[in-house]
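Please keep the sequence and the structure at hand while reading.

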Amino acid sequence: MSGPDATGDGPAGPTGPGGPSGLSRPSGPRAPGTPRVLPAGPHALLVELADGEHAEAFRAELLRRRERGELPAVRDIVPAARTVLLDGIAEGEPDARDRLARELASWRVEPLRREDREPVEVPVIYDGPDLGEVAALWGVGADEVAALHSRTAFRVAFCGFAPGFGYLTGLPERLHVPRRTTPRTRVPAGAVALAGPYTGVYPRPSPGGWQIVGRMPDPGALWDPGREPAALLVPGTPVRFVPVDAGKAAALPAPRAGDFQADSRADA
Amino acid sequence: MIPVAGRHLLYVVRPGALTTVQDAGRPGHAHLGVGRAGALDAPAARLANRLVGNPPDAAVLETTLTGCAVRPDRPVVAVVGGAGCRVTVDGRPVAWGAPVRVPAGAVLDAGPAGTGLRSYLAFAGGLVPDPVLGSRSADLLSGLGPAPLSEGDELPLGEPASGGPPPHAGPVPWPGAPAELVLPVHPGPRHDWFTEAAFRTLLTAAYRVSPHSNRIGLRMEGPPLERSRTEELPSEGMVLGAIQVPPDGRPVVFLNDHPTTGGYPVVGVVPERALSAAAQAVPGTRLRFVRA
């Protein structure tokens, strides 16, 4: 699977083999809030929006309508970079998917409202191995990365890659950074890393290609299957990173050199 | 492990190449990055459960090619179904695909698959390791659920439903392994990222099941599909049965342990009901796609 960099934006391509009826085909420019509804098998629809902001707004609208009982049974609502997948649509009813497709295409979606709930605070020791690289890309000193990053109001746009791995948006475009040219075979749990428009915190050790700027001292909080919800960073959650002193978190082991190895298979 | 009163165990004598605990999986958590997992040949797992008197979604063992052997510490009724194989209890041949009595301490051995790929071992009472998000299934991509079996592992066995023998009588229609796998395809969501020639290739080419297939995806050998759009696709949600096309152009059909989001375009989707045959297709099996 490739990485999460949002670079594929653009107008819809030419019409291929026709999709089922009721599903939109690309036809000229659309208003940015207008969803493009694509088939994803007999019981699923992939709804494509102009960008991540509109995808988040569309997902919020779906949840509001589900709350009000205005949506047919949908097992999974899966937001991603600029799409929302509706999977497991009323599987007993043969027409349910196409009916919903027609309906979705006509929705007027309200712009995303700013969250007024308190953000989840994620403590970070900003001592990641890519801090210097990120500072250079940002054109600031290494000691300024923590301030810039922790001043940003983030929100979880979507989850993926691993249980509890959230893709957090909020960094302005000038602070977007590319993925590492060589991904690492092992990134330790708790690593706070950047790629494209996103920041993420690795819930457990895994391969990874993002630029690591710091670490969360207690990554166990990110994923707890005994808790509801199991993920700390669920889609829609406002998040703030809070710098903490390496000294104050001294009880916690620093990442070992062996934790950072090069590889080419990483996804995030 | 110290035996607990009323608690019974299944000891793993021979784990085989890859044996996992599976039930109906954990659908409904994809927005948290949690995949569905669950038995790949779901009808086989359900049938095996029915034959031992379990609810259809009780946890069973799913083997891969080489079978496995286990030893219960209490007498238990078991069924080995799915992929056809030689079944023995303490070395004596017993029925495949039908309930057998395994005495306490005896070894139930499901041999290498003679036809198909994945056998299912169901036990009256089911396997009851701690569930994660409502399921006991191992998810090999995310690591959720019980780890694949190792020699010497102990798995807790549930109590059989009271009410006597399993409700099985007479022959049972276990489907055979496919000599040729024919997978229906619903086009989209990203068929327009491929050339029209590529889509024709998908529907006409002779593919073969690759030995690199696993619980995440059915991989194949055959002609690559050429893309008409070469830019990177931003990550988007992936469904079970999605035919994702990575940069080498060879389609991968996503099976139960597939990632919840992915960044390669999905040319079409194979409906779920067709995937149980895919789960039993051994490497080298001829494979073609037809329009659903």
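Ala37(B) sits in the loop between strand S2 (20-22) and H1 of chain B. In this predicted model, Ala37(B) has a positive phi of about 55° although it is not a glycine. Ala37(B) counts as buried because 31 C-beta neighbours lie inside 10 Å.

Ala90(A), which is found in the loop between S4 and H2 of chain A, has a phi near 25°, a positive value in a residue other than glycine. Ala90(A) is partly exposed, since 17 other C-beta atoms lie within 10 Å and the cut-off for a buried residue is 20 or more.

**Chain A**

Chain A has four helices and 13 strands, and buried residues make up 44% of its 268 residues. Of the contacts in chain A with a separation of 6 or more, 64% are between residues 24 or more positions apart.

Which residues of helix H2 (residues 96-105) of chain A are buried? They are Arg97(A), Leu100(A), Ala101(A) and Leu104(A), and because they cover an arc of only 105° around the axis, they are on the same side of H2(A). In general, an α-helix has 3.6 residues a turn, so residues three or four places apart point the same way. The buried residues of H2(A) pack against S1, S2 and S4 of chain A.

Chain A is divided into domain 1 (9-113) and domain 2 (120-259), and the contact between these domains takes six residues from domain 1 of chain A and six residues from domain 2 of chain A. On the side of domain 1 of chain A that touches domain 2 of chain A, the largest share, four residues, comes from helix H1 (residues 52-67) of chain A. The residues of that side divide into three nonpolar, one polar and two charged.

**Chain B**

The mean pLDDT of chain B is 94, and 95% of its residues reach 70 or more. Chain B is divided into domain 1 (8-157) and domain 2 (180-291), whose C-alpha centres lie 28 Å apart. Where these domains meet, 20 residues of domain 1 of chain B are in contact with 15 residues of domain 2 of chain B. Helix H1 (42-51) and strand S8 (108-123) of chain B are the elements that give two or more residues to the domain 1 side of this contact, and the residues of that side divide into eleven nonpolar, five polar and four charged.

Strand S8 of chain B also holds Gly111(B), which is buried because 20 other C-beta atoms lie within 10 Å. Not counting residues up to four places away in sequence, Gly111(B) touches Gly67(B), Cys85(B), Arg86(B) and Val87(B). The C-alpha atom of Gly111(B) is separated by 29 Å from that of Arg26(B), which is 85 residues away along the chain.

**The core and the contact between the chains**

The largest nonpolar core has 148 residues, and those with the most contacts inside it are Leu45(A), Ala48(B), Val60(B), Ala78(B), Ala122(B) and Phe123(B). Leaving aside neighbours within four places in sequence, Ala48(B) is in contact with Val60(B), Val79(B), Gly81(B), Tyr120(B) and Ala122(B).

How many residues does each chain bring to the contact between chain A and chain B? Chain A brings 47 residues and chain B brings 40 residues. Strand S1 (36-39), strand S2 (44-48), strand S3 (74-79) and strand S4 (83-89) of chain A each supply at least two residues of the side of chain A that touches chain B, and the largest share, five residues, comes from S3(A). The residues of this side of chain A divide into 28 nonpolar, 14 polar and five charged. For the model, the scores are ipTM 0.94 and pTM 0.89.

Key
Residues numbered from 1 in each chain as written. Chains lettered and ligands numbered in written order. Predicted model: local features only at pLDDT ≥ 70, side-chain atom pairs only at ≥ 80, totals over all residues. Contact = placed C-beta atoms within 7 Å. Nonpolar A, V, L, I, M, F, W, Y, C, P; charged D, E, K, R; others polar. Domains from an automatic or database assignment. pLDDT = per-residue confidence, 0-100. Buried ≥ 20, exposed ≤ 12 C-beta atoms within 10 Å, placed from the backbone. Core = buried A, V, L, I, M, F, W, Y, C linked by C-beta atoms within 7 Å. Arc of directions from axis to C-beta.
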